[in-house]
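I am opening a notebook on this structure and will write down what I look up, entry by entry.

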Amino acid sequence: MRGMKYVFAAVSAAIFLTAAPQSHAQITINIGAPPACPYGYYDYAPYSCAPYGYYGPEWFNGGVFIGAGKWFHGPANFHGNVNNRLDPQHGYHGALPAHGPAQVHPDKFKSFQGNEARDGRGHVQAGGHR
C-alpha cells in the first residue's frame with residue numbers, strides 16, 4: 001500500500017503539470033524615437049542635443065544626422081570625428097541647442113575642428129583629427 005501512495009503522487013503531479021496552461025513569454029524592447037536635434041545629440045543618456053561643431057560632416061548623410069548611441073544607423077565599421085571640447089563630459093558648459101529639426105547644410109562644416117574619432121556607439125577610436 002505504501003508503494004501505491006508514491007505511484008499515486010507521481011501520477012497526480014504528472015497530470016497537474018501537463019494540464020497547466022503553457023505560458024509563452026514575450027519580450028518587447030522599445031527604445032523610442034531618437035531626439036530631433038539640429039546638430040545631432042550626444043551618444044550617451046540623457047541624449048541632450050549637441051552644439052554646432054561637435055560632430056564632423058561624416059556624421060550626416062544629405063544633411064541628416066545618422067544617429068549615435070542606441071539609435072545609430074550608420075555602417076558597422078563607422079568612425080567619425082567629434083570635437084570633444086564641446087562635450088559636457090569633457091568640461092563644456094556652453095549653450096546647447098533646443099530640440100528641433102535635425103538637418104545641417106554641408107557648408108556648415110568648413111570650420112570643423114575634430115579632436116577625437118568615435119564609432120556610432122560612443123566608443124573612442126584611434127585616428128581622430130588632431
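This is a predicted model: local features need pLDDT of at least 70, side-chain atom pairs count only at pLDDT 80 or more; totals for chains, interfaces and linings use all residues.

I began with burial, and noted that Cys-37 is buried, as is Cys-49 (buried means under 20% relative accessible area, exposed over 50%, and partly exposed in between, with a 1.4 Å probe and protein chains only). Residues are numbered from 1 along each chain as its sequence is written, and side-chain values use heavy atoms, with hydrogens and water left out.

Next I looked up how these two cysteines are joined. Cys-37 and Cys-49 form a disulfide with their sulfur atoms 2.1 Å apart (the term covers a pair of cysteine sulfur atoms within 2.5 Å), and the structure holds 1 disulfide. I found Cys-37 and Cys-49 each in the loop between helix 1 and strand 1, 12 residues apart (helices are DSSP runs of H or I with at least four residues, strands are runs of E with at least two, and both are numbered from the N terminus).

I then turned to the aromatic rings. The structure holds 13 aromatic pairs (rings of Phe, Tyr and Trp, the last by its six-membered ring, pair if their centres lie within 6.5 Å; planes under 30 degrees apart count as stacked, over 60 as edge-to-face and the rest as tilted). One of them is the edge-to-face pair of Tyr-47 and Trp-71, at 4.8 Å centre to centre and with 75° between the planes. Tyr-47 lies in the loop between helix 1 (2-19) and strand 1 (60-61) and Trp-71 in the loop between strand 2 (64-65) and strand 3 (80-82), so this pair ties together parts that are 24 residues apart in sequence. Tyr-47 and Trp-71 are both buried.

I also looked up Trp-59 and Phe-78, which form an edge-to-face pair at 4.8 Å centre to centre with 80° between the planes. Trp-59 and Phe-78 are likewise buried. Ring pairs link a cluster that includes Tyr-47, Trp-59, Trp-71 and Phe-78.

I noted an open sheet of 3 strands in the order 3-4-5, with antiparallel pairing (two strands pair if DSSP finds at least two bridges between them). Its edge strands are strand 3 and strand 5 (124-125), each pairing on one side only.
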